[in-house]
Amino acid sequence: MKSRWVLFVPLAIMGLLFGAFIYRLTVPGETLIQSQWINKPMPLFDLPPATAGVAGLKSSQLADGKPRLVNVFASWCIPCRAEAPQLEALKAAGVPIDGIAIRDRPEDVAQFLNEVGNPFDRIGSDMQSSVQIALGSSGVPETFLIDGKGIIREQIQGVILQEQVPEIIAKLEAMK
Amino acid sequence: MIAELGLALLWIAAALACLSLVAGIIFLRGGPKDLASLVRPASVAQGVLTTAAFGLLIALFVRSDMSVELVARNSNSLKPMIFKVAGTWGNHEGSMLLWLMILSLSGALIAIFERRLREDTLVATLAAQAALSLGFFAFLIFSSNPFNRLPVAPPDGQGLNPLLQDIGLAFHPPTLYVGYVGLSVAFSFAVGALITREIGPAFARAMRPWVLGSWIFLTLGITAGSYWAYYELGWGGWWFWDPVENVSLIPWLAGAALLHSVAVTATRNALRAWTVMLAVIGFSMSMVGTFIVRSGLLTSVHSFAVDPERGTFLLALMAIYIGGALTLFALRAGTVAEGKKFALLSREGSLVINNLLLTTILALVLLGTLYPIVAEAMGEKISVGPPYYNKVAGPLALILCLVMVAGPLLAWRKDDGRKLRSRLPIAALAGAIVLVLLVIFGGHVGILPLLGMAVAGVVAVASLAPLWGRNLRRTPLPTWGMVIAHFGVAVCLAGMGAESAFIKEKLVAAAPGETVRVGDFDVLFKGVKPIAGPNYTAIEGTLVAMSGGKSHVMKPESRMFPGLMGTAPTETNEAALLTRPGGQLYVVLGQPVQGADGRADRYQLRLWWKPLVWWIWLGGGLIAFGAALSMLGRAQLLALWRARRARKEEGRWK
Amino acid sequence: MKAKHQRLILALLALGGVAGAGVLGASALRDEAAYFRTPEEIEAGKAVVGEPMRLGGMVAANSIKRQSDGITIVFVATDGKASIPVQFTGIVPDLFAENSGMVADGRMRADGTFVADKILAKHDEKYMPPQMEGMDKAVAKAAAKT
């Protein structure tokens, strides 16, 4: 009376379940949030260099009197490549830029800088996304406008667009 | 040094697991017999080493060694000692190490104590347990190393979520984990028995105390978790059908079904394939639950941070284990001979219905928990809340309770229904009296709480029925255990019913000196004052609850934890509870309310009178206690110990 | 009755039970599952008055008004595209504030006000229901434009 195929039912149900899980993992429910750090000082951190030849990043270094950008990026992030020319343009306009590399390997960072150029004065390596989380940053790339006292004034989520470049330069000028 | 030693111990333990697995496989494929004698000591050593590694991690937290990443991220030197210790498992890596420790210890305990199984089945079981732990060793070492050092030690750590800084929560997850992982033993037994085709009473008897043991911890864990949510979240509820709660309930339901079906297999050698499948499902559900919580697949108040990489790793592990076990089941279960026959009206028959109902509830809870994921895949954003669960689980649970009443009064194999006819009417009468009284005096009561309380009346009387006319001293321990556990269900049900039906709630903005009436209490709000705790500041309210000439001071708090090292400040509400025989008074202090002049002259107060609410947790405790008595009766640990001693003595004289 | 019949009855019972449970579960899901709606969707007429639902959005700036009873608040939930007034009686979570995210369980009233039974604020930086993906950005963009 009992046929063998009934015994495969649990396996089939499990297959369906796992299908749903895999779907959910590939389309993760991102935890996007607006930074609660606007108009607050940068959280304290001390990140090691992300790659050889470029210094690491300490939060205390951000309060040296000069307004600057902190760019959260990663070599594995394709939009970050698209953003590189804008960062170069900002750099050329004299804007100091520091970077935080998220979950990145030193050799990949080096390769990335090789390919798209290096607009960064310092790059901290945030292997566990801890600084990223503390900043309320939800993805890469993201850019923070920091005033001379190390206080976060603005957060730009996503790629900096060409037309935003003069705007950012003006805003940083205004903070001086 | 401690961190490096801990990591080294993990590697050695992993190597031992590897050894058990390989030796077990070679032996089972007809290799040299000596290999089998390797597996036991290797399993014991693996258990000891993993426990030592966990001990070292605790030591790191106690010493606040901030050069270790895990400590720096999750602890703080200002934290009270007890929370430093609890912080060890209050995070992803530490909790995975705890999980692994319990897994390895379970293997060690089987290796030490299990003497009833055939040797090849035991070796297969230990090899399966080793295979399970091997995967989690890999996960821990490669993807979640708890002993990772920071290149630069920060001056102090990042603290712990203040919501997690609570004594109840500190010991709640480990209890649940023991339960979750304890089910791994049933899983391994099932896999072992499928491999050697030894599926029968011996296998069921060996598995039974393990199922009971882990189910006790699950029951305690869920009960404690419910109480934690009740007083810590300040929402006044005791069950929210939150995904995290559901994933602990699902293995509990599987365990409940399993411990009843394993009884049938052990006593009557029936339901064999079903028991094996449940044993596989039980631990599978534990893993799925842990995965859901750990991967952030479902967001909830309790969940940890999302990490897709770890999620993928865990998913792959689970696919191997669950898929492997279910494939083995599908291939082998067909060859299991049919079990002993039984009549529909018999103990077996009632237990089959019990199992069907339990698995149905399990399936419906699982459906509700995962449905939002499926719906999102189809483009709809949906949340499934308490109305769904109450609607599906409520009626089924009540039917289940009625079956539970009948089962113990039926004989194995075949029953003429005499005991049912003679004993059930009294219980039914008790239920009817409760129902009538509630309808007359209860006022407006919802249908589910009403039926719940009536069924509780039936169960309370009928659960004691198996003891009638018996010599109580000669009644075996497992019978006592069953009676107490079933009675606990009645207590729990009565608490749930009474709380939902007769709860009184008051929500006011009160000025100091005002009196609020809730239930039989006059509560005088005296005022607030600021206080400082070890790592937080708080506003403490003072209230005096007066009833029947007696007064009690209650002090709810609204706490503020400052943000440290880049964590945002967090606030929590500490409810004040006053427990009376008839229920609990529950007070939460809310926000200040500004008057016309802009000064805070009133405070929001939320007061509940919750009749019989503590019966819910008392019932949970009774269920666990009953199961514990049952386990003591079944495991015969003492007898086993003596037999072991005797064998050793014998060996000495030879 | 023969044992074989017994088995058949058990099997049928199981089948009936599973089918019944399936129907029960499906109908309960249809009736009770609360759709997650954004203010924009509600404005587009997607919400049925009186049906349980979950509203997610940001609390608009300067919109929280406390009624004189001290426990009822009215505020505006927005997703940058549309705004819905929300009324709630109770103690709001500590992290509930203007310009931050919130999720409310409740129902729409015929007058277009959302009456919330329960409000969840973002519990910490890490807590955000998956349904609210992208909403902050939309709000930030809308705010930047004005």
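Author: Start where the helix stops. H8(B) is followed by Gly234(B), and the phi of this glycine is positive, near 70 degrees. Helices here are DSSP runs of H or I with at least four residues, strands are E runs of at least two, and both are numbered from the N terminus.

Two notes on the source. This is a predicted model, where local features need pLDDT of at least 70, side-chain atom pairs count only at pLDDT 80 or more, and totals for chains, interfaces and linings use all residues. Residues are numbered from 1 along each chain as its sequence is written, while chains are lettered from A and ligands numbered from 1 in the order in which they are written.

Now the length. H8 of chain B covers residues 201-232, which is 32 residues. At 1.5 Å a residue, H8 should span 46 Å, and its end C-alpha atoms lie 45 Å apart, so the two agree. The expected span is 1.5 Å times one less than the number of residues.

H8(B) also bends, by about 30 degrees at Met207(B). A proline, Pro209(B), follows within four residues. The bend is the angle between axes fitted to the seven residues ending at a residue and the seven starting there.

What surrounds it? Of the 32 residues of H8(B), 24 are buried, so the helix is largely enclosed by the rest of the structure. Buried means 20 or more other C-beta atoms, placed from the backbone, within 10 Å of a residue's own.

For contrast, look at chain C. Its 146 residues are 36% buried. Chain C has 3 helices and 7 strands, in the pattern α-β-α-β-β-β-β-β-β-α along the sequence.

Methods:
Buried ≥ 20, exposed ≤ 12 C-beta atoms within 10 Å, placed from the backbone.
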